[in-house]
Structure formats: C-alpha cells, structure tokens
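Trainee: I have a model open and would like to learn how to read it. Can we take it feature by feature?

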Amino acid sequence: MTEDPITATSTRASAGRPAAPAARNTATASRWLLVWLGLLALVWFASLGTRSLVHPDEGRYASLALEMARGGDWVTPRLNGLLYFEKPALQYWIGALSFLTFGVNEFAARLWPGIAGFLTVLAVGFTAGRLWGREAGIRALAIAASTTWIVVNSHYLTLDAGLTLFLTLALCAVLLADHAGADARTRRRWIWLAWAAMAGAVLSKGLVGIVIPGAVLVFVSLWRRDLSLWRGMHWLSGLLIFFVLTAPWFVLVSLRNPGFAQFFFIHEHFTRYLTEEHQREGAWWYYLPLLLAGMLPWTGALPWLLQDGRSAADRSARRVTPRHVLIVWSVFVLVFFSASGSKLPSYILPMFPALALLLAFRLRDVPAAVLRWHLLVPALAWVIVLVASTQSARFASPATPAEVLAPLASAARVGGALFLVGAAVAWRFLGNGRITAAVLSLALGHFAATTVVLQAHNGFGQLKSAAALAAVVRPLLDADTPVFAVRTYDQTLPFYLQRNVVLVDYVDEFALGEQREPGRTIATLDDFMARWRTLPRAAAYMSPLTWVELHERGLPMRVVFQDLRRLVVVKP
C-alpha cells in the first residue's frame, strides 16, 4: 500500500540515494498537521461572528449571559429580567465572561460553542491517537472536524456544544484510563478527569450529564458481562470531585430562590422528558434523518461501524473494549432522546464524537478500494443540493421571499463545487492507497462547503432575528423609554436593543418568572393600552394582527419598522 506523506515515518531508499531519516519524515508530517490545524482554527473561529443571532435559542442564551454580566448576579439566572431556572448556569458564566472580555457582539455570544466544538474535535483526535496510533488520531480529528452536525452546532449558540464537549471528555477519559498502557497513577488521573467532565456536563445542561455516562456504564457491563469498568471508577474520590464542583451553585441558587429544586429537577427534567408539555414532540424516527444528514460526509460508513474487524480470538473475548463502549454510547444517546417527549435537532449531538472514533477504529482494517465507493453517498447528497439550488424560487413563499433564498442557493452551488473537488481528490488518493490523505481531502472539502453555506444563512436568518429591527429602533429610544412586546416575543430582541422589554399578554417559558414577580409584566391587552396612553414616549413590538386590533381600537401609535411577520410602533 502506498504511504501517506503526512503519516509516513518509515525510511525509504531509492537508487543512488540514501534513505530519508524517519525523524525527518515525522517532523515534516507534524508541520503539515499543524498547518492544517491552524487553517481549521482560523476558519472555525473567524466565522463565529459573521451572522446575526437568531430566535429562539441564540437570543435566549445570549440574553441570559448578557444580563448576568451587566447585573452582577452570578447565581440567579434571569431572562429578560425574569427568573429563569430551566438550565444550569455554567454556559451563562462563560458567556458573561466572553461579553466582558470581547464586548457585546455575535462573536462573543458564540465563542463558547465554538471553543467547545473545537476542543471536542481535538479530544477525539487525541484519544484515537493514544488508543490506535498516530495515523488513526489524524483521521479521527479530520472526521470529527468535518462532520456536519458537529460543525453546525459549534457555530450556533445553544447548550449542546458545551454539553457534548464535557460528555466527550468523560467518554475519552474512561477509554484512555482503560487503555492497556495506562499504569495505576495515570488511570486514576484519567478517571478523575472523567468525573470532573461529568460535573461540567451537569452544570451545562442538568442531569443528562450523569444519566448518559451512567447508563452506558450499566449497559456495556451487562452486554459484555464484565465489571472491570465499575471496579476502576474510583467511586469515593470521584464522587467527591463531582459534588465539590456541582453542589455549590445548586445549593446557593436553591437558598436564594425557594422552589428552584422542584422546578429544575421535576419540571425541567422528568416532566420535559416524560410528557409533551413543552410541545417539542416528534415521531420515534425523528432523529434518523438528522443522523444521516448530520453524519455527512461519512454517512456511507454507518452500516459497517458496528462490524468488528478484529480476529476471531479477540471477538470471543468478553472483556470490554473501546469499541463496545463507543457502540453503546452512540446507540443509547439515539434511543434515549428518541424516547423523549421533548425533541430538538441538536439533542443527539453527543453521539457524533463517538461515531467519529468508531469510524477511525474501523478505517484501520478497511481497504482503500472499498472506501472509494463510500464517497458516492456524500457526493450524491451534494449533487442533490446543487440541483435543488437551481430551483430555489420554487421554495419561495410570502414568509420566505425569493430574494432571501437566492444567497443560500448561490452558496449551495459554491459549496457543492468545493465538496466535489475535495471528493475527486480523495478518490484519486484512495486509488493510490493513501487513506489518510483521502480522509483529509474529503474532510477539507466538506468543511469548506458547510462553512460557505453557513455564512449565506445570514440573509435567511434575518427573518428570525431582531438585528435589523434594532438598528432602526434604537436611535429612537431614550434611556428611560419603555419597550413592550405585545402578545409575541423575539428572544433576540433584548440582546439587540440592549435592554429588557415588558411582556404583554405573553407567557410561554416565562411562567415561573411571571408568577414570582408579576409586577414586571402586563397581563392583558387592555392593561397595556391604559399604560401606553399614560406614557409620553414608548415603543412596542407586535405582530401585524395585533397592530390591526390596536389600530381599530384607536390606540395612538406610529409604525417605524415593519416586515412580513412583525412591526414596531412608537409613541408619539
């Protein structure tokens, strides 16, 4: 098999020339890898601040962090001025520090998901390298860095990138602790890191941070009938680390806010998971299309990730191996969230780093000729995108005009072309048996294509962002001018207006905050109209239907901004 230049470490001799030293080849490979990583990091982080925040998640978590930074209360989270206990505070703390360091902007808002996603990629590459060798590490890093769902969720502000980082660190630490070459002291340190990472996961998104690792530990032990993982978890010191890191915030917020524990643990965990109260339901197969699309450009490998390329003697052994843990992890995450009564696309993100590790493991045994045919799956997917992009006008509607779709369609064509070039180069490398070079080429092509499409999303994203609205309205507001959100609410509104708004006849996720602090909101439209008439200056955000109702009732107001789905009025 032809060697990959980036991983070649053996000496080679040719007629009339001495063999090149292995150290020189290794140094050259390392330099190329650093260049590749540097370019990846540059594009990865430079693209974080080029798009406006969109409703709902990005606006919500940016506003929570911004209020914490400005208000100085690092214990009790508030959203738009109201108590908000749906999630723990770790991401709000990091977001607040980011705003204080880099200012209030989109880059600072998305910095933590960007860092978390990039560190997840590095953790996957490092772990594969330690377990299966340097070449497997490079491949795993490239696979993770180009997997669609990892890239996309690292460039949007949600909680799932941070959760995935800590869960991936816990998973990788356990795998490395159980590695054959680890001595007792090294193993103990990796296990302590796993406990600390689980604490970070719990502080990022709640009990799921301990449920996933715990369930995987149980199921993999039952499957293999091997308790070695249990015996090596250093339970006493590990639990001490876990509670030292997690308990202080939960105790403090509970002491300052009676009722927090009941709302957070019962309503936000058991009720959310077991019921459809949050109106995020989906069919049992909800995540299967997301898995297929999110795994691109490696979707074609999914059918043989469960295959075992080891010898018959190894397959007959009952001892738990990294492959067993990775399979159970991936399957459990998919089944666990598929069974939930509350579903969102990003929930299954923690399974993708495990799939990247599984793929790197399998690539050790798969011939290059076989891999060539798996390029057809992502190539076909991008060809479909290319064809669809030429018909973008067919997808236009009053709510999504053609001029908004046109930039996305153009970006899809550019992205498709970039990927097909990368796939063609990968096909050629595989023809020469250069698997690692092919993996890097395919990864680079898909990452570049995905990044181009992401950047073009900004025009479409403006339909779900208050950025353009705020640019018009902010100059019209004095420091003490109240702003109302009447019967509707855009999560990005407080962030872009740089102030909280008064909710009118609107509840949704603010039910707890409105119940605890009723004076901060207005319950009915009649109460709002009475308040509006007494104010010398005011502004209000509403839907066109609400404006028609208020106009017909004679409320004095002047429209200063309007688009297809919302408008802003001011007084006078």
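Predicted model: local features only at pLDDT ≥ 70, side-chain atom pairs only at ≥ 80, totals over all residues.

Trainee: Which residues have the most contacts inside the largest nonpolar core?

Mentor: The general idea comes first. In soluble globular proteins, nonpolar side chains tend to be buried together. Here the largest nonpolar core has 166 residues. I212, F337, F352 and L355 have the most contacts inside it. Helix 7, residues 160-177, gives the most to this core: 13 residues.

Trainee: What is L355 in contact with, leaving aside neighbours within four places in sequence?

Mentor: L355 touches L291, M295, L302, L305 and S330.

Trainee: How do I describe two packed helices?

Mentor: Two packed helices are described by the angle between their axes and the distance between the axes. Take helix 15 (residues 322-338) and helix 16 (residues 351-362). Their axes come within 9 Å and cross at roughly 145°. The crossing is left-handed.

Trainee: Which residues meet there?

Mentor: Helix 15 brings R323, L326, I327, W329, S330, V333 and L334. Helix 16 brings M351, A354, L355, L357, L358 and F361. By type, the contact has eleven nonpolar residues, one polar and one charged.

Trainee: Is A184 buried or exposed?

Mentor: The cut-off for exposed is over 50% relative accessible area. A184 has 56%, so A184 is exposed. A184 sits in helix 8, residues 184-205. G232 is 48 residues away along the chain, yet the two C-alpha atoms of A184 and G232 are separated by 9.6 Å.

How values were computed
Residues numbered from 1 in each chain as written. Heavy atoms only, no water. Core = buried A, V, L, I, M, F, W, Y, C linked by side-chain atoms within 4.5 Å. Buried < 20%, exposed > 50% of the residue type's maximum accessible area, 1.4 Å probe, protein only. Helix = DSSP H or I, 4+ residues; strand = E, 2+ residues; numbered from the N terminus. Contact = heavy atoms within 4.5 Å. Axes fitted to C-alpha atoms, helices over the stretch in contact; angles between N-to-C directions. Left-handed = near helix turned anticlockwise from the far one by under 90°. Nonpolar A, V, L, I, M, F, W, Y, C, P; charged D, E, K, R; others polar.
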